[in-house]
2 protein chains.
Amino acid sequence: MTAVLAASKPSDWRPTDPDNTLYLELPAGRLVIELAPRFAPLHVENIKRLAREHYYDALSIMRVQDNYVAQWGDPGNRHPTPSSAKSLPPEFEQPLRTDIPFTPLPDGDVYAPQVGFTDGFPSARDPKGAAMWLAHCYAMVGVGRDVDPNSGSGAEMYVVIGHAPRHLDRNVALVGRVIKGIELLSSLPRGTAPMGFYEVPARGPKIKSLRLEADVAGAQREHLEVIRTGTPTFTALLESRRNRWDDWYAYRANRVELCNVPIAVREAVSAQAR
Amino acid sequence: MTAVLAASKPSDWRPTDPDNTLYLELPAGRLVIELAPRFAPLHVENIKRLAREHYYDALSIMRVQDNYVAQWGDPGNRHPTPSSAKSLPPEFEQPLRTDIPFTPLPDGDVYAPQVGFTDGFPSARDPKGAAMWLAHCYAMVGVGRDVDPNSGSGAEMYVVIGHAPRHLDRNVALVGRVIKGIELLSSLPRGTAPMGFYEVPARGPKIKSLRLEADVAGAQREHLEVIRTGTPTFTALLESRRNRWDDWYAYRANRVELCNVPIAVREAVSAQAR
């Protein structure tokens with residue numbers, strides 16, 4: 001994989017879009033989240049509005065459940081929910097669009113008829129049901145909701161920090177992926193109350209701020225690039241994962257599962273040179 | 001799942017075997033590991049010998065790689081390796097035995113022709129190749145080795161703390177599973193050196209001791225029971241995971257992947273009553 005990435009061309013990478021990138025600032029540091037407006041346009045709009053209103057600032061990480069999710073929100077609903085946090089219709093899946101780029105995987109999937117990558121996100125398709133959706137791989141970001149499928153707003157979000165809970169696919173709006181800093185969430189102490197909630201949710205790590213990259217001053221911005229999945233470099237990367245070249249491997253799987261494919265992220269070359 | 005377990009009978013559970021259960025004592029608390037002698041008899045014997053010689057005591061957690069593994073060993077090889085830590089032939093897989101109980105899963109697998117449970121561990125089978133092996137699901141314990149497949153001894157072990165790295169299957173000796181306390185490993189700070197090693201491996205969390213349960217005084221023992229996978233209760237548990245009954249689910253997968261099936265562990269009922 002290192003060799004494949006070292007041989008990549010600048011055109012194999014795309015910069016993140018400041019209008020679809022969030023910075024989640026925790027006491028321990030910054031997480032960067034790439035948003036997925038194609039799959040959850042209403043939720044992404046809501047989240048961007050809430051971020052612009054600074055709604056998330058001073059909320060807390062309330063829940064860290066081992067091998068599952070880390071979740072933030074407003075413990076005890078102390079903060080008045082702004083009108084922009086109104087509940088939304090479900091965006092759990094979208095009508096299948098065959099006209100948009102999709103990088104399929106060749107080795108099948110337990111949960112979906114087809115899996116691969118759309119817009120740089122792990123995704124699934126059902127041609128018969130004419131639906132497509134994002135998949136709950138490690139680092140994916142979803143919107144918490146109550147029993148009512150219309151109850152999610154984006155005011156509360158979770159991040160997958162364990163083995164892919166793919167049974168959640170098509171049940172929540174996935175809105176993006178953590179592309180930097182997930183270890184700041186995954187290494188948090190686990191909550192000891194049911195479902196991994198902290199005994200005193202308000203004492204969980206505070207959110208210092210959650211901002212859209214476009215609203216952050218240039219000097220404080222990240223310069224990240226994400227690999228384009230429709231490139232020969234990505235195909236080579238995928239192949240290096242299906243069959244590890246390393247001498248260490250006594251047995252080569254000749255297969256790879258969706259959530260074991262890394263969607264590489266790097267510092268922009270110009271930023272590296274700074 | 002809670003309802004299924006609440007309705008279980010005492011005969012649905014088996015106690016852990018003191019001769020095949022390890023206690024890993026870290027500063028933060030105790031982890032319990034159930035060993036898998038059927039799949040790696042030589043490695044399990046080696047590990048038990050090393051534990052009896054107190055070889056692991058004062059070694060360190062040297063590596064915590066996000067979404068991958070936590071690993072312990074002897075940083076800088078400061079401790080003379082005892083003769084019982086000699087390298088072993090690979091036990092990466094075993095000849096298929098169709099005469100031992102196997103609880104198959106019905107929904108397929110990306111990596112193996114058949115998957116299910118043997119002796120309470122996630123496992124895979126290839127009837128054509130006449131082989132069987134343990135699968136790298138969350139919490140599984142493996143033996144670190146160098147490039148030479150004969151270089152593992154059990155002196156160094158790792159635990160899966162992320163999405164199942166199934167490409168490691170058939171490449172290392174898996175020796176067991178953490179059945180209690182894995183959150184003490186998975187919530188450790190990630191190492192920042194390559195492969196998640198700590199910059200100063202010797203400063204990682206120290207192993208206070210690693211003991212065989214049989215060598216621990218009765219009052220200090222756990223009283224854990226593991227669900228038997230060949231029971232109607234386990235079938236019901238599996239079905240509750242394939243199709244969540246909970247009203248929260250808008251879409252039921254009707255499928256489950258090997259590493260998403262929980263092999264339930266509980267406090268023994270007699271211990272609960274204490």
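This is a predicted model: local features need pLDDT of at least 70, side-chain atom pairs count only at pLDDT 80 or more; totals for chains, interfaces and linings use all residues.

Student: Nice. Which ring does the charged end of A:Arg125 sit over?

Tutor: That would be the ring of A:Phe102, with the charged end of A:Arg125 4.1 Å from its centre.

Student: Back to the two chains, then. What rotation puts chain A on chain B?

Tutor: A rotation of 180 degrees, with 0.0 Å of shift along the axis, and the RMSD is 0.0 Å. The two copies are thus related as by a two-fold rotation axis.

Student: And what share of the interface residues of chain A are also interface residues in chain B?

Tutor: 100% of them, so the copies meet through the same surface.

Student: OK, cysteines. How many disulfides are there over all chains?

Tutor: A search of the whole structure finds two. In chain A, the bond joins A:Cys137 to A:Cys259, with 2.0 Å from S to S. The angle about that S-S bond is -70 degrees, which makes the link of A:Cys137 and A:Cys259 left-handed.

Student: Where in the chain do A:Cys137 and A:Cys259 come from?

Tutor: From distant parts, 122 residues apart. A:Cys137 is in the loop between strands E10 (131–134) and E11 (140–143) of chain A, while A:Cys259 is in the loop between H4 and strand E16 (265–267).

Student: Are A:Cys137 and A:Cys259 buried or exposed?

Tutor: Both A:Cys137 and A:Cys259 are buried.

Student: What about the disulfide of B:Cys137 and B:Cys259?

Tutor: The sulfur atoms of B:Cys137 and B:Cys259 are 2.0 Å apart, and that link is left-handed too, with -70 degrees about the S-S bond. B:Cys137 sits in the loop between E10 and E11 of chain B and B:Cys259 in the loop between H4 and E16, so the pair ties together parts that are 122 residues apart in sequence.

Student: How accessible are B:Cys137 and B:Cys259?

Tutor: B:Cys137 has a relative accessible area of 5% and is buried. B:Cys259 is at 10% relative accessibility, so B:Cys259 counts as buried as well.

Student: Switching to aromatics. How many aromatic pairs are there over all chains?

Tutor: The structure holds six. One of them is A:Tyr55 with A:Tyr56, an edge-to-face pair at 5.4 Å centre to centre and 70 degrees between the planes. A:Tyr55 is buried at 9% relative accessibility, and A:Tyr56 is buried at 0%. Another is B:Phe117 with B:Phe234, also edge-to-face, at 5.4 Å centre to centre with 75 degrees between the planes.

Student: Which elements do B:Phe117 and B:Phe234 lie in?

Tutor: B:Phe117 lies in strand E8 (residues 114–118) of chain B and B:Phe234 in helix H4 (residues 232–242), so the pair ties together parts that are 117 residues apart in sequence. Both B:Phe117 and B:Phe234 are buried.

Student: H4 keeps coming up. Which residues of H4(B) are buried?

Tutor: B:Thr233, B:Phe234, B:Leu237, B:Leu238, B:Ser240, B:Arg241 and B:Arg242.

Student: And what do the buried residues of H4(B) pack against?

Tutor: Helix H1 and strands E7 (103–104), E8 and E15 (224–227) of chain B. Over in chain A, the buried residues of H4(A) pack against H1 (2–6), E7 (103–104), E8 (114–118) and E15 (224–227).

Student: New topic: where is B:Ser153?

Tutor: B:Ser153 is in the loop between strand E11 (140–143) and strand E12 (157–160) of chain B. With 9% relative accessibility, B:Ser153 counts as buried.

Student: What does B:Ser153 touch?

Tutor: Leaving out residues up to four places away in sequence, the contacts of B:Ser153 include B:His43, B:Asn46, B:Lys86 and B:Val143. A polar atom of the B:Ser153 side chain also lies 3.0 Å from the backbone nitrogen of B:Ala155.

Student: Last one: where is B:Ser11?

Tutor: B:Ser11 is in the loop between helix H1 (2–6) and strand E1 (13–15) of chain B. B:Ser11 is partly exposed, with a relative accessible area of 48%. B:Ser11 and B:Arg228 are 217 residues apart in sequence, and 8.3 Å apart in space, C-alpha to C-alpha.

Technical notes:
Residues are numbered from 1 along each chain as its sequence is written. Chains are lettered from A and ligands numbered from 1 in the order in which they are written. Side-chain values use heavy atoms; hydrogens and water are left out. Contact means heavy atoms within 4.5 Å. Helices (H or I, at least four residues) and strands (E, at least two) are DSSP runs, numbered from the N terminus. Copies are superposed by least squares on the C-alpha atoms of residues with pLDDT of at least 70 in both. Buried means under 20% relative accessible area, exposed over 50%, partly exposed in between (1.4 Å probe, protein chains only). A polar contact is a pair of N or O atoms within 3.5 Å; within protein, one must be able to donate a hydrogen and the other to accept it, and residues adjacent in sequence count only if both atoms are side-chain atoms. Rings of Phe, Tyr and Trp (its six-membered ring) pair if their centres lie within 6.5 Å; planes under 30 degrees apart count as stacked, over 60 as edge-to-face and the rest as tilted. A charge sits over a ring if NZ of Lys or CZ of Arg is within 6 Å of the ring centre and within 35 degrees of the ring normal. A disulfide is a pair of cysteine sulfur atoms within 2.5 Å.
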